[in-house]
Every structure is written in C-alpha cells, then in structure tokens.
Amino acid sequence: MQNLDAISSEILSAVDAAETIEALEAVRIDALGKKGRVSLMMRELGGMDPEERKAAGQALNVVKDSIAAAIETRQSDLSRAALDARLTAEAIDVSLPSRPEAEARLHPLSRTIEEVVAIFAEMGFTVAEGPDIESDYYNFTALNIPEEHPARQEHDTFYLPPDGDGRRKVLRTHTSPVQIRTMEAVEPPVRIIVPGRTYRSDHDATHSPMFHQCEGLVIGDGIHMGHLKGCLIDFCRAFFGVDDLPVRFRPSYFPFTEPSAEVDIGCTRDGGGLKIGAGDDWLEILGSGMVNPRVLANCGYDPEKYQGFAFGMGIERIAMLKYGIPDLRTFYDSDLRWMRHYGFLPFDAPSIHAGLVGGTV
Ligand code: PHE
C-alpha cells in the first residue's frame with residue numbers, strides 16, 4: 001500500500017490523457033472495474049489486522065473518490081467537445097442555392113389551358129366560368145336540346161338524386177351551359193371563352209369520366225360565318241405553332257348551332273407517327289357553328305338584331321396532340337415520373353393574366 005500515492009497520480013494522469021469517451025472508459029475499467037487496480041487493493045484490506053485496515057481503508061476510499069470525480073469531470077468535458085465538433089461539422093450553410101429536385105412542374109392540362117386562354121385573350125376574349133353541377137335547363141333545354149331529343153342520350157350524363165320537386169341536377173356534360181348563363185347576365189357584345197371541367201360516363205384510353213373543355217361564344221351585331229372561320233383558323237395556327245396549318249370546316253350538327261361545322265386540321269400519319277401541319281389526312285379538333293336563333297331567343301336576345309358563333313374543344317385532346325401524350329388516363333394518375341417528363345417549368349408558361357378580366361356568371 002506504500003505506493004498508493006504513485007498509483008493514484010498515475011491513474012489521474014491517465015484520466016487527463018484520455019482523448020475520447022472510449023479511452024476514458026478503458027481507464028475507468030482499469031482502475032475501478034471489478035478487476036481494476038483500486039478494486040484489487042480494496043480486496044487486500046481483508047487480510048490486514050483491524051488497525052491497519054482502518055487507516056488503509058480510509059486512504060483507499062479517498063483515492064477511489066478522487067479518481068471517480070476526475071473521471072466524471074473528464075467525461076463531461078469530452079462530451080461537450082464531441083457535441084461542439086458535431087455542431088461545427090453539421091452546420092447548415094443558408095447561402096447555398098436550393099436543391100433542383102424540389103422544382104415544381106406545371107401539369108400539361110394547366111399549361112394547355114393557359115395557352116388557349118392566352119391566344120384568345122389576344123383576340124379580345126375574356127374568361128367566364130359556371131358551376132360544374134348544372135340544372136337540366138342550362139345543360140340541355142336552353143341549348144335547344146328538349147326532353148325527348150336524341151342528343152340527351154348521346155351525352156352519357158351523370159344525374160344527381162332528384163330534389164324535392166323531382167328534378168334531377170346533372171354534372172355538366174359540356175361547357176355550353178355557360179353560354180346561356182352569360183347571355184342571361186349581360187347584353188351584347190359578348191366575347192368569352194370558358195375553360196372548365198365536364199363530365200360524361202365514359203372511360204377508356206381516349207375518354208375519362210371527368211375531362212376539360214373550352215367553350216367560346218361571340219355575339220354581336222353583324223357577326224357571320226367569316227368571323228367564325230377567321231377566329232378558329234387563327235387559333236389553330238397559333239396553338240399548334242404552324243403558320244400555314246391547313247384547316248377544314250366540315251358540315252355537322254349540334255342542336256344549339258345552325259349551321260354547324262366540325263373543324264379539322266391537316267396532318268399525316270405516314271411512317272407510323274402523327275405529324276400535324278402537313279400531308280393529306282385530317283384530324284378533328286373542335287365543334288362550332290352559328291348560334292341557333294332559338295338559343296338567342298331563349299336568353300332574351302333578339303335574333304333579328306344579334307348573331308354570333310360558338311365553339312367547343314376538348315382540352316385533353318388538343319394537349320395529347322400537341323405534346324404527344326398517348327393515353328388520356330395518365331393525365332389523372334398523379335405519377336411524379338410522368339409529371340417530370342410531360343410537365344412544364346412554371347417560368348416556361350406564358351404570362352396570360354395581363355389584361356384579362358375573368359368572371360363567374
Ligand atoms: N358542346 C359541344 C360538345 O360538347 C361542342 C360545341 C360547342 C359545339 C359550341 C358547337 C358549339 O360536343
């Protein structure tokens with residue numbers, strides 16, 4: 001026991017010299033562990049006579065306590081140093097640029113609607129909107145589609161449960177009811193487009209139960225078929241970006257327009273792929289016509305005084321054609337990989353809101 005002081009100072013300097021928590025733990029085990037040097041000396045006390053044991057025991061306890069205290073101090077110093085080192089290493093540099101993978105994409109449908117709106121805005125159209133849940137009157141009757149008209153069957157309408165009077169509202173099957181709502185609300189001249197959601201009970205690679213249309217309506221004094229043709233030819237060429245795009249007006253029938261015309265654009269399917277703007281094939285892209293005088297009268301306009309034209313197009317269809325998207329159902333899958341491929345960076349989109357006055361009728 002004579003060398004107690006020497007052993008004690010040796011252990012205390014080992015504590016001070018420990019550079020890591022692990023090294024310190026090794027020193028602790030070597031001194032105070034079950035088979036540690038101090039513990040072994042404690043055991044030797046048993047073989048001493050009582051007087052000797054008392055003095056040696058006290059001395060050993062003092063040494064043991066001072067070693068334990070030194071270890072504890074060293075331990076908290078080392079932990080603080082380790083924490084400081086981690087905080088320095090993991091510091092966040094707020095001046096670094098943000099990560100590119102967080103960039104958002106504009107859905108091709110939003111982008112297409114913005115393009116359509118931008119083109120018509122330049123021609124002086126404003127945006128109008130109406131409800132998705134429509135009365136039978138606005139969706140059909142006022143548009144010259146009476147109760148027994150075959151066009152009602154063709155629309156695959158979603159009906160809501162009957163109300164108290166037995167009348168069933170519908171999910172609008174086209175954006176045309178907003179024509180009626182607008183004419184009821186304002187006097188001519190009218191020059192609106194109506195982008196919005198529409199619904200039909202139909203589901204395959206080119207049909208979805210919810211889809212988008214954009215309606216157009218122009219009413220004024222002396223509006224004629226030439227205005228309809230000029231407006232829609234300009235639109236098709238601007239939208240598809242082909243200056244000499246062939247555009248064909250093919251006689252058709254809609255109850256709310258008379259005469260009616262389907263609009264086709266020139267394309268070719270040679271070599272398997274579809275190419276818009278050249279060749280001798282045709283692709284139907286929208287419906288149009290001169291507003292039926294009965295529809296004008298239904299809205300309180302005098303058909304002797306005012307004339308106009310209307311048109312309607314499917315947004316998904318023109319987006320698929322312009323951007324080469326083969327399956328309509330993928331528009332609604334919310335698949336991020338698809339969005340990264342077909343989506344647009346927001347700053348690519350044209351600025352369309354300048355000068356536009358929207359309104360809900
Ligand atoms: N509403 C018609 C449809 O959904 C399209 C259309 C609108 C046709 C306006 C002529 C005039 O098919």
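1. The shell around the ligand, in what is a predicted model, divides into 4 nonpolar, 8 polar and 2 charged residues. In total 14 residues surround the ligand, and the closest of them are His174, Ser176, Arg200, Gln213 and Glu215. Strands S5, S9 and S10 are the elements that give two or more residues to this shell, and the largest share, 3 residues, comes from S10.

2. The side chain of Ser176 has an N or O atom 3.0 Å from a nitrogen atom of the ligand, whereas Arg200 places a polar side-chain atom 3.1 Å from an oxygen atom of the ligand. For Gln213, an N or O atom of the side chain is 3.0 Å from an oxygen atom of the ligand. As for how much of the ligand is covered, it exposes 330 Å² when taken alone, and the protein buries 89% of that area.

3. Which space does the ligand take? The ligand takes the space of the largest pocket, whose volume is about 1,200 Å³. This pocket is lined by 45 residues, and those closest to its centre are Arg200, Phe211, Gln213, Glu284 and Gly314.

4. The lining of the largest pocket draws two or more residues from each of several elements, namely helix H7 (150-154), strand S5 (210-220), strand S6 (247-254), strand S7 (257-268), strand S9 (281-291), strand S10 (307-314) and helix H11 (315-323). Of the elements, S9 gives the most to this lining, with 7 residues, while it is S10 that provides the largest share of the shell around the ligand. By residue class, the lining of the largest pocket holds 19 nonpolar, 16 polar and 10 charged residues.

5. The second largest pocket has a volume of about 150 Å³, and its lining consists of Asp136, Glu147, Arg152, Gln153, Tyr159, Arg167 and Arg168. How many of these lining residues are charged? The division is 5 charged, 1 polar and 1 nonpolar.

6. The peptide bond from Pro188 to Pro189 is cis, with omega near 5°, and Pro189 is placed in the loop between helix H8 (177-185) and strand S4 (190-199). A further cis peptide bond runs from Glu258 to Pro259, with omega near -5°; here Pro259 belongs to strand S7, which is listed among the elements that give two or more residues to the lining of the largest pocket.

7. The remaining backbone point concerns Asn144, which is not a glycine and yet has a positive phi of about 65°. Asn144 is found in the loop between helix H6 (136-139) and H7, and H7 is itself one of the elements contributing two or more residues to the lining of the largest pocket.

Methods:
Residues numbered from 1 in each chain as written. Predicted model: local features only at pLDDT ≥ 70, side-chain atom pairs only at ≥ 80, totals over all residues. Heavy atoms only, no water. 1 Å grid on protein atoms, 1.4 Å probe; cavity = no way out; pocket = protein on both sides within 12 Å on 5 of 7 lines; lining within 4 Å. Points joined across faces, edges and corners; volume = space filled by probe spheres on them. Helix = DSSP H or I, 4+ residues; strand = E, 2+ residues; numbered from the N terminus. Nonpolar A, V, L, I, M, F, W, Y, C, P; charged D, E, K, R; others polar. Near = heavy atom within 4 Å. Polar contact = N/O pair within 3.5 Å; in protein donor to acceptor, adjacent residues only side chain to side chain. Areas by Shrake-Rupley, 256 points an atom, 1.4 Å probe, with all protein chains shown as cover. Sits in = over half its atoms within 2 Å of the grid points.
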